[in-house]
Amino acid sequence: MKTLSSPSNSTTISGFILLGFPCPREGQILLFVLFFVVYLLTLMGNASIICAVRWDQRLHTPMYLLLANFSFLEIWYVTSTVPNMLANFLSDTKVISFSGCFLQFYFFFSLGSTECFFLAVMAFDRYLAICRPLHYPAVMTGRLCNILVISCWVLGFLWFPVPIIIISQMSFCGSRIIDHFLCDPGPLLALTCSRAPLMEFFWAILSSLLLFVPFLCIMGSYILVLRAVFRFPSRDGRRKALSTCGPHVTVVSLFYGSVMVMYLSPTSEHEAGMQKLVTLFYSVVTPLINPVIYSLRNKDMKHSLQKFLKT
């Protein structure tokens, strides 16, 4: 538990109040049904990709093994927020415990960090496949693929624990209401008894490195890919190469476009409503549509999913 200090008294925080999406009881029930359906569809879509890759021997290549791991990551990413959100829709108090809040904080950001690294590794895989096709089988071996996957998970879960532990040790004053549907650094830092500019600066540096280093790797990979593709002699070759990159570029654009708005400066003055909508987009909507993007834009995946669903 954490002490809530004030000039006149001292009480104990047993938890925070996540306001979520305030509306009448009927609206809360409607939102519960909507997000419950979205959650189930997300689990089913990403699980279908995992099963299709495991079931179809033709998809046992680094690109699809990375995609299966990415889908597994998306399942846990959406699970870090949506079940608690669903419980809050039906709750009268909307309280989340102090430890529960910071556990959600840690897992949500660790899984998000892992996603950034996975997107960079997937772009690197496309670079090798298109720009170095003759060396690709020798370079992107199963062993290297496993090392890259493990590295993404380890780096993702080691990126933010220090600042999160530091924030958890701060004193929180006044209101314990968080105008959000999850425990987010901006609202949490706003509840501390005094501003912590050093902590805010540290968080901004870590967030910037996390976002920009993988993003620059992704951009560099695709600049080299485009340069190689436009040198292909045949139009069909160019179209096939671009079709393998199209889904990944779309996912990168959706994820990074929304995340960069929010976390380069966690204490910047975003309106609460806009914070919720942008966070909702990259944490709930993107994991929902990723399987659709990868299956509709990839003929091999579409064919394997159709065969898997018919069995």
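Helices (H or I, at least four residues) and strands (E, at least two) are DSSP runs, numbered from the N terminus. Counted this way, the chain has twelve helices and six strands. Its radius of gyration, taken over C-alpha atoms, is 21 Å. The C-alpha trace spans about 75 × 45 × 30 Å along its principal axes.

This is a predicted model, in which local features need pLDDT of at least 70 and side-chain atom pairs count only at pLDDT 80 or more, while totals for chains, interfaces and linings use all residues. Residues are numbered from 1 along each chain as its sequence is written, and side-chain values use heavy atoms, with hydrogens and water left out.

Now for the two helix pairs. Axes are lines fitted to C-alpha atoms, for helices over the stretch in contact, and angles run from 0 to 180 degrees between N-to-C directions.

| Helix pair | Angle | Axis distance |
|---|---|---|
| Helix 1 (residues 25-55) and helix 3 (residues 82-89) | about 155° | 9 Å |
| Helix 2 (residues 62-79) and helix 4 (residues 98-131) | roughly 165° | within 10 Å |

The angle of about 155° makes helix 1 roughly antiparallel (over 145 degrees) to helix 3. On the helix 1 side, the residues that meet helix 3 include Phe-32, Phe-35, Phe-36 and Tyr-39; among their partners in helix 3 are Met-85, Leu-86 and Phe-89. Contact here means heavy atoms within 4.5 Å. By class, this contact has ten nonpolar, two polar and one charged residues, where Ala, Val, Leu, Ile, Met, Phe, Trp, Tyr, Cys and Pro count as nonpolar, Asp, Glu, Lys and Arg as charged, and the others, Gly among them, as polar.

Helix 2 and helix 4 cross at roughly 165°, and that makes helix 2 roughly antiparallel to helix 4.

Is Thr-81 buried or exposed? Thr-81 counts as buried (under 20% relative accessible area), at 0% relative accessibility. Leaving aside residues up to four places away in sequence, Thr-81 touches Gln-104, Phe-108 and Leu-182.

Definitions and conventions: Angles under 35 degrees count as roughly parallel, over 145 as roughly antiparallel, 65 to 115 as roughly perpendicular and the rest as oblique. The radius of gyration is taken over C-alpha atoms; the globule rule is 2.2 Å times the number of residues to the power 0.38. Buried means under 20% relative accessible area, exposed over 50%, partly exposed in between (1.4 Å probe, protein chains only).
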